[in-house]
Amino acid sequence: MFVLRLYLDMMIHDLYGFNQTTSFFVRLLATRYAGLEHLFPPAGPRDSDLCHAHVKGKIPTCHHVHGYAKLDTSIVAEHFGALPPEVRDVLFQDYVEEITAQVVGVKKMVAFFRYCFLGQEYYVTEMKDKEHSLWDQV
């Protein structure tokens, strides 16, 4: 989930500009989910804690995960960037929803969009950190 968060942040940065991630998800929720909130009830009482990590209010990452995400971003963003803006916007929103559903599940999608893109900063985990084991499967 944290890798997806980083990847989407990087994609939005490349496609829409610096510091546009929060506003992208505010627009996504307002335009595509308005009136449908009842279809995405909270999956649990702690949905707002979905992206909380060891360092509260920050998102963990590590150097090799950042490198992998950057490589993927450069390849995929080039394809989206070649599209006319009105086509790109629709297809990119579809893409964001599709990969998010695969990673966090449909039930937690709206919570992920709502709580994981509030301008949290990143911190780099080190081998000695408990959270560094998150990257064992990446």
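The structure is a predicted model, where local features need pLDDT of at least 70 and side-chain atom pairs count only at pLDDT 80 or more, while totals for chains, interfaces and linings use all residues. Residues are numbered from 1 along each chain as its sequence is written, and side-chain values use heavy atoms, with hydrogens and water left out.

I start with the overall fold. The protein has five helices and two strands; helices here are DSSP runs of H or I with at least four residues, strands are runs of E with at least two, and numbering starts at the N terminus. From that end, the order is α-α-β-α-α-α-β. The radius of gyration is 15 Å, close to the 14 Å that the globule rule gives for 138 residues, so the protein is as compact as a globular protein of that length. That radius is taken over C-alpha atoms, and the rule is 2.2 Å times the number of residues to the power 0.38.

Next, contacts, meaning heavy atoms within 4.5 Å. Of the contacts with a separation of 6 or more, 82% are between residues 24 or more positions apart.

Now the inside. Of the 138 residues, 38% are buried; buried is under 20% relative accessible area, exposed is over 50%, and partly exposed is in between, with a 1.4 Å probe and protein chains only.

Which residues touch the most other members of the largest nonpolar core? They are Leu8, Met11, Phe25, Tyr33, Phe92, Phe112 and Phe113, out of 38 residues. Such a core is a set of buried Ala, Val, Leu, Ile, Met, Phe, Trp, Tyr and Cys residues joined through side-chain atoms within 4.5 Å. At least two core residues come from each of helices H1 (2-16), H2 (21-32), H3 (63-81), H4 and H5 (109-115). H1 gives the most, nine residues. Beyond its neighbours within four places in sequence, Leu8 is in contact with Phe25, Val96, Ile99, Thr100, Phe112 and Phe117. In soluble globular proteins, nonpolar side chains tend to be buried together.

Finally, the two surface sites. Val90 lies in helix H4 (residues 85-104). Is Val90 buried or partly exposed? It is partly exposed, because its relative accessible area is 44%.

The other site is Lys70, in helix H3. Lys70 counts as exposed, at 52% relative accessibility. Its C-alpha atom is 9.2 Å from that of Leu6, which is 64 residues away along the chain.
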